[in-house]
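Hi there,

Here is the structure I promised to pass on to you. Have a look at it first, and then read my notes below.

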Amino acid sequence: MTSRRALALLALLASLVTGATVAQCPNGGPRAGALVQTLVTVPGYVEPHTPGSGGPLEISASANVQSLLGAHPDLNRVTYLRTAIQKPSGAPPRAILILVPGFLGGAATFAPLARQLVLAFNGNLEVWAIDRRPNQLEDERGARHALAGVMAASTPEQIFQALEEGARFYFAETPALDINLNGVVDPQFELPDANGVSRPWVRLSQDDMRFAAYWGIDTYMRDWKILVDQARSIVGPHGLVLFGGHSMGTSWASAFAAYDFDPDPGHVVSGHSLIDGLLLLEGGGLGAGASPPPTHDQYLAQVASLASPGGPDVTLSDFQGVEIPALGATSEISGIAGIHDPDAPALAQRTPLFGAGLLGIFFQAPASNRSMVGLFIDDDFEPVAAFRASAGFSSNGPNQFVAGLFGGPPFYIAGPSSSGVRTWQDFDDPDLPTCPPNDPTVSPGCAIQDLGPRPAPTDPPRNWGVEAEVTSLDDVLHVQFENGNFVEWYFVSGRVNLDFSYGRDSSALGDESLLALTQNASMDKPVLCIGGSHGLAPLESSFAGYLGSIATPPADQEIVLLEGYAHLDVILAHQNAAVPPIRDWVSGLLQRKLLGGL
Amino acid sequence: MSLRWLVLLGGALLLATPARALTTSLTLDPSASSLLPEAGAAEGLSGTLTLAVGALPVAGAATSFDVIDLALTAAGGGTIGLDPTVGAPGLGVLHPDGSFLIPTLFLRLDGGTTVPLALPDVMGEVVFGPGGASLLSLATAFAVDAGPPAGLVSVTVNAVVPEPGTLGLLAAGLATLGLARRQLVEDLR
């Protein structure tokens with residue numbers, strides 16, 4: 001005999017089979033909210049020698065630092081560029097990817113890639129691109145003045161004035177460098193500093209930054225752990241916190257995974273235990289280091305020397321003859337000029353950096369504001385592989401083939417155009433010259449060249465494949481001055497180089513209060529490596545050293561090589577081929593995380 | 001047959017059935033599946049979807065739950081499919097209580113123009129078959145902000161496995177409802 005309760009149960013089951021109802025919540029859509037990119041600054045690790053730390057070891061801020069940041073600056077801060085889409089439901093993202101820029105790179109280097117990744121996940125992934133500590137010491141008053149001026153301008157003359165004032169803020173005119181083209185050697189342009197005093201560019205000296213003797217790997221790792229902890233609190237235990245970097249940023253990122261955050265030698269809190277995966281973009285991660293590494297006494301002596309006035313450089317003054325702070329300032333002004341006065345004669349060529357010296361030789365052909373930046377960053381004209389993107393070409397003048405410089409790849413020196421300034425053909429121009437039929441050594445040469453078949457995975461790294469033109473010059477121009485900026489003006493090299501000399505394991509130092517790179521061998525999280533075949537990590541072998549040093553099983557070591565991509569294309573490309581593999585990797589990891597498998 | 005006996009039998013079946021991976025296709029019920037624009041008339045939705053489930057019955061916390069094929073057509077002619085550029089566009093998890101979560105469902109909409117669309121946090125429910133060893137149906141609902149003129153489009157999906165067992169269960173349910181109604185009428189008389 002069937003009871004009424006059984007009848008009701010069967011009826012309910014039948015109704016479920018024919019159509020259950022589920023509460024509807026807005027999930028998303030193509031217009032489900034604006035993507036935002038915001039610079040966020042939060043309290044960082046309190047390094048005790050740093051201005052603002054408040055302890056007995058604090059080194060007072062110099063007058064120049066106070067001019068930049070006020071009388072009582074706190075430099076123990078960590079800044080990141082947050083790229084996000086607010087979900088319609090208000091729910092937090094399920095994954096946050098934290099990225100470290102490469103050599104001389106600011107957070108804005110990741111802006112194009114971050115936009116594409118966040119859009120690909122429609123807000124379920126956020127990207128946090130780190131601006132390393134020294135970025136807060138960049139005097140951006142001149143660039144901000146120029147940008148505000150061009151935004152408010154209603155005539156070409158006003159735009160020109162805003163730009164030349166911005167340039168003159170940073171650089172003094174000389175008889176040969178007439179920035180504002182008025183035939184007179186004008187004084188530097190001045191703007192009020194943080195204390196209300198009108199001054200031109202406050203360019204920090206090495207002695208202004210002696211506290212950076214204490215900005216080594218330990219300080220950076222502890223800064224970034226704050227971000228990792230914050231990200232974890234947002235995504236929760238079932239969400240993903242991923243860490244990665246580009247170029248030298250891969251060394252930083254793998255150092256984070258290898259770091260022991262507990263200074264007690266008997267207890268370990270490894271960086272890799274705090275993250276769910278590691279992303280290496282165009283860089284092979286931590287290297288093997290020096291042999292033999294510095295002893296403990298040598299280490300302490302070097303730190304003391306770095307901290308002493310008149311001591312060795314704490315930041316990188318120049319790279320292959322190019323002054324880094326000047327490059328940073330010029331790139332900001334050039335980016336603004338390239339967007340807001342693109343066809344005018346290049347302002348940068350009337351500054352000391354590009355109007356004289358080594359770069360004055362390479363960039364002697366009169367160019368427009370826009371094409372100047374193209375000539376500097378494009379892989380066909382830029383001598384340094386680490387600064388290259390595939391952004392198009394310039395063919396309205398002779399191009400002198402150079403077989404290479406400082407052991408670098410071949411490049412062209414653009415000569416003067418008989419038709420005026422050198423102009424720029426964008427990456428999507430259908431008429432970009434190709435070799436063949438062109439001869440790469442004969443002007444105008446070519447934008448697109450086939451470097452041959454893909455070598456075997458175990459071959460020594462070398463470039464291969466057909467060059468891809470993928471990066472928009474407009475994107476390059478924007479990242480020079482938006483969302484932070486492109487160049488890190490004061491790259492801390494003294495302490496950092498000392499720390500990196502230990503490679504993947506600083507156990508030999510024997511002092512985890514100074515440096516605790518001790519957990520690389522136990523790093524077992526999934527790793528995705530992406531290289532560009534025209535970049536610095538063109539083959540599987542580019543990643544082999546690092547991947548062979550960690551405990552991640554081979555099934556969780558994935559390598560993707562993007563044919564034709566140059567070093568910066570992997571982060572700057574307009575429709576970036578790195579996005580699909582990252583999207584698939586993140587999506588797969590998220591499922592595994594939800595299933596408890598990570 | 002008493003209710004207690006039914007419950008015991010179900011529990012025994014659950015214990016006796018070894019967990020196994022399952023691939024199953026479901027067909028939308030057009031009368032219970034729709035697109036409802038914020039501005040405009042509702043459209044019926046028909047089509048099929050195929051799931052790959054890691055292990056049934058679900059033991060422990062959860063098992064993998066992947067939408068591996070999706071072909072939906074609205075009455076107005078628009079289509080919804082998986083984004084073919086994504087390696088695994090429908091990765092999710094299925095919980096023992098029948099609830100599922102697809103953290104991000106990568107779709108491709110085609111209503112004249114093709115639009116890739118990532119849908120965060122797609123949630124729904126499935127109904128397990130006897131012993132939890134199969135799936136009988138799936139229900140989910142989500143909303144897509146399509147912008148003007150449609151605005152927020154509410155999508156409701158109710159799909160069933162078109163198998164004889166399912167049909168039999170459906171018939172049993174309907175017959176039971178009829179029997180209950182007849183008994184109720186007789187009681188009232």
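Val126(B) has Leu138(B), in strand S9 of chain B, as its bridge partner. This pair belongs to the antiparallel pairing of strand S8 (residues 114-128) with S9(B), which is made by five bridges. Please keep in mind that this is a predicted model.

Strands of a sheet pair through backbone hydrogen bonds, either parallel or antiparallel.

Both pairings are hairpins. Six residues lie between S8(B) and S9(B), and in that hairpin Gly131(B) takes a positive phi near 75 degrees. Between S9(B) and S10(B) there are also six residues, and Gly147(B) in the turn has a positive phi of about 75 degrees.

Zooming out, chain B has two helices and ten strands. Of the 189 residues in chain B, 37% are buried. Among the contacts in chain B with a separation of 6 or more, 52% are between residues 24 or more positions apart.

Now for chain A. In what order do the eight strands of its open sheet run? The order is S2-S3-S5-S4-S8-S9-S18-S19, with mixed pairing. Strand S2 (35-43) and strand S19 (557-566) are at the edges; each has a single partner strand, so one side of each has no neighbour in the sheet. On average, neighbouring strands are turned by 20 degrees against each other, ignoring direction. At one end of that order, S18(A) (residues 527-534) and S19(A) run parallel and are joined by seven bridges, with Ile530(A) opposite Val560(A).

- H7(A) lies across S4, S8 and S9 of chain A, at about 145 degrees to S8(A).

Just after H6(A), Gly236(A) has a positive phi of about 80 degrees.

Most residues other than glycine have a negative phi, and most peptide bonds are trans. Here are the exceptions I noted:

- Ser291(A) and Pro292(A) are joined by a cis peptide bond, with omega about -5 degrees.
- The bond from Leu56(B) to Pro57(B) is cis too, with omega near -5 degrees.
- Gln320(A), which is not a glycine, has a positive phi of about 50 degrees.
- Asp121(B), in strand S8 of chain B, has a positive phi near 55 degrees.

Are Gln320(A) and Asp121(B) buried or exposed? Gln320(A) counts as exposed because it has 10 C-beta neighbours inside 10 Å, whereas Asp121(B) is buried, with 20 other C-beta atoms within 10 Å.

Enjoy exploring!

Key: Residues numbered from 1 in each chain as written. Chains lettered and ligands numbered in written order. Predicted model: local features only at pLDDT ≥ 70, side-chain atom pairs only at ≥ 80, totals over all residues. Helix = DSSP H or I, 4+ residues; strand = E, 2+ residues; numbered from the N terminus. Buried ≥ 20, exposed ≤ 12 C-beta atoms within 10 Å, placed from the backbone. Contact = placed C-beta atoms within 7 Å. Pairing = 2+ DSSP bridges. Axes fitted to C-alpha atoms, helices over the stretch in contact; angles between N-to-C directions.
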